[in-house]
Amino acid sequence: MALFLLRGRFFSCRSDVRRVTTAAQRNRSSVASGKQRVNGVDLYYEQTGTGKHAVLLLPGALGCTKTDFGPQLKSLNKERHTVVGWDPRGYGRSRPPDRDFPSDFFERDAKDAVDLMKALGFVKFSLLGWSDGGITAMIAAAKNPDVISKMVVWGANAFVSQQDLELYDAVRDVSKWSAKMRKPMEEVYGAEAFAKTWEAWGDGIAQFAKRPEGSICLELLPLIRCPTLVIHGEKDPMVPSFHPQHLLKHIQGSRLHLMPEGRHNIHLRYADEFNQLVENFLEHTSENPK
């Protein structure tokens with residue numbers, strides 16, 4: 001599921017890969033960035049750290065590395081982890097193409113994400129997925145059980161309810177947002193393209209409500225075999241509490257961590273606490289037997 005500003009966003013490589021190493025040092029590790037050709041699209045990514053445990057960050061709707069995961073790219077342990085952020089096709093710096101929302105857009109993102117990591121040389125890796133990125137992560141984990149080591153999702157949902165539709169409709173018209181709330185996305189897309197793409201996302205996510213039980217990926221949850229941590233901010237205005245409870249019930253062996261004061265952007269608003277929670281889970285949780 002998604003929502004971003006409102007939800008607090010404001011806050012062996014192939015020879016054709018273009019890599020640029022920045023001068024900035026983040027947690028004693030430089031950040032490499034570039035584009036990798038995957039499934040016919042040049043996908044932008046950033047990579048930092050030298051650890052054996054690879055971790056992919058999956059952003060929310062219209063989100064990208066720039067808008068969604070600064071504290072994680074900066075502060076997750078770089079000696080234990082290699083952290084990769086990416087911009088899904090049509091988002092951020094992975095343009096062209098323009099973003100569209102066919103009925104299988106989450107499945108398409110999941111395949112792109114897994115294929116990107118493989119193209120970058122990672123055989124196994126874990127997933128950290130926020131909002132729409134959490135949905136993408138769950139689909140990727142269900143369809144690639146031998147590839148995904150562990151998974152953390154927050155602000156995510158496996159189905160769309162009538163209550164969800166009402167929440168989406170309430171934020172559909174970005175002209176009603178404050179200039180402060182629009183600014184980060186308008187800086188990435190431009191005002192007109194942002195408004196257009198946001199409306200298209202609203203139509204794209206609403207189409208799932210027409211499916212039986214409003215399913216986005218309900219049938220895939222029992223196929224997830226990796227250790228899974230679901231995190232939920234109890235004051236999240238965009239994700240009703242029945243969503244994390246459903247994930248807890250239907251993802252085998254999953255666990256739920258509640259943050260009483262958390263809203264939708266818990267990984268940004270409470271970055272230190274969130275990062276420590278994630279690191280503890282990644283480092284100290286045993287993988288489920290396949």
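Close-up 1. Leu-167 touches Pro-237, Met-238 and Pro-240, leaving aside residues up to four places away in sequence; contact here means heavy atoms within 4.5 Å. Leu-167 is part of helix H5 (residues 162-170). Helices (H or I, at least four residues) and strands (E, at least two) are DSSP runs, numbered from the N terminus. Along the sequence, Leu-167 and Pro-240 are 73 residues apart, yet in space they are 9.9 Å apart, C-alpha to C-alpha. Before moving on, a word about what you're looking at: this is a predicted model, where local features need pLDDT of at least 70, side-chain atom pairs count only at pLDDT 80 or more, and totals for chains, interfaces and linings use all residues. Residues are numbered from 1 along each chain as its sequence is written, and side-chain values use heavy atoms, with hydrogens and water left out.

**Close-up 2. Helix H3 packing against helix H4.** Two packed helices are described by the angle between their axes and the distance between the axes. For H3 (residues 105-119) and H4 (residues 132-143), that angle is about 70° and the axes are 8 Å apart. Axes are lines fitted to C-alpha atoms, for helices over the stretch in contact, and angles run from 0 to 180 degrees between N-to-C directions. H3 and H4 are therefore roughly perpendicular to each other, the label for 65 to 115 degrees; under 35 would be roughly parallel, over 145 roughly antiparallel, and the rest oblique. On the H3 side you'll find Phe-105, Phe-106, Glu-107, Asp-109, Ala-110 and Val-114, and they meet Asp-132, Ile-135, Thr-136, Ile-139, Ala-140 and Lys-143 of H4. Sorted by class, this contact of H3 with H4 has seven nonpolar, one polar and four charged residues. Ala, Val, Leu, Ile, Met, Phe, Trp, Tyr, Cys and Pro count as nonpolar, Asp, Glu, Lys and Arg as charged, and the others, Gly among them, as polar.

**Close-up 3. Helix H3 on its own.** With 15 residues, H3 reaches 21 Å from its first C-alpha to its last, close to the 21 Å expected at 1.5 Å a residue; the expected span is 1.5 Å times one less than the number of residues. H3 is mostly covered, with 12 of its 15 residues buried. Buried means under 20% relative accessible area, exposed over 50%, and partly exposed in between (1.4 Å probe, protein chains only). Among the buried residues of H3 are Arg-108, Asp-112, Asp-115, Leu-116 and Met-117. After the helix comes Gly-121, whose phi is positive, near 100°.

**Close-up 4. Thr-136, a buried residue of H4.** Thr-136 lies in helix H4 and counts as buried because its relative accessibility is 4%. What does Thr-136 touch, not counting residues up to four places away in sequence? The list is Leu-58, Phe-106, Asp-109 and Ala-110.

Close-up 5. From Arg-95 to Pro-96 the peptide bond is cis, with omega near -5°. The bond from Pro-96 to Pro-97 is cis too, with omega near 10°.

**Close-up 6. Asn-39 and its positive phi.** Look in the loop between strand S2 (29-38) and strand S3 (41-48) to find Asn-39. Its phi is near 50°, a positive value in a residue other than glycine. Asn-39 counts as partly exposed, at 37% relative accessibility.

**Close-up 7. Helix H6 meeting helix H7.** H6 (residues 179-189) and H7 pack at an angle of about 105°, with their axes 7 Å apart. H6 and H7 are therefore roughly perpendicular to each other. Arg-182, Met-185, Glu-186 and Tyr-189 of H6 make the contact with Ala-191, Ala-193 and Phe-194 of H7. By class, this contact of H6 with H7 has five nonpolar, no polar and two charged residues.

Close-up 8. Arg-211 sits in the loop between H7 and S8, and so does Glu-213, with H7 spanning 191-206 and strand S8 spanning 228-233. Arg-211 is partly exposed at 31% relative accessibility, whereas Glu-213 is exposed, with a relative accessible area of 68%. Glu-213 has a positive phi near 65°, in a residue other than glycine. Arg-211 touches Ser-103 and Ile-216, not counting residues up to four places away in sequence. The C-alpha atoms of Arg-211 and Val-160 are 9.1 Å apart, and these residues are 51 residues apart along the chain.
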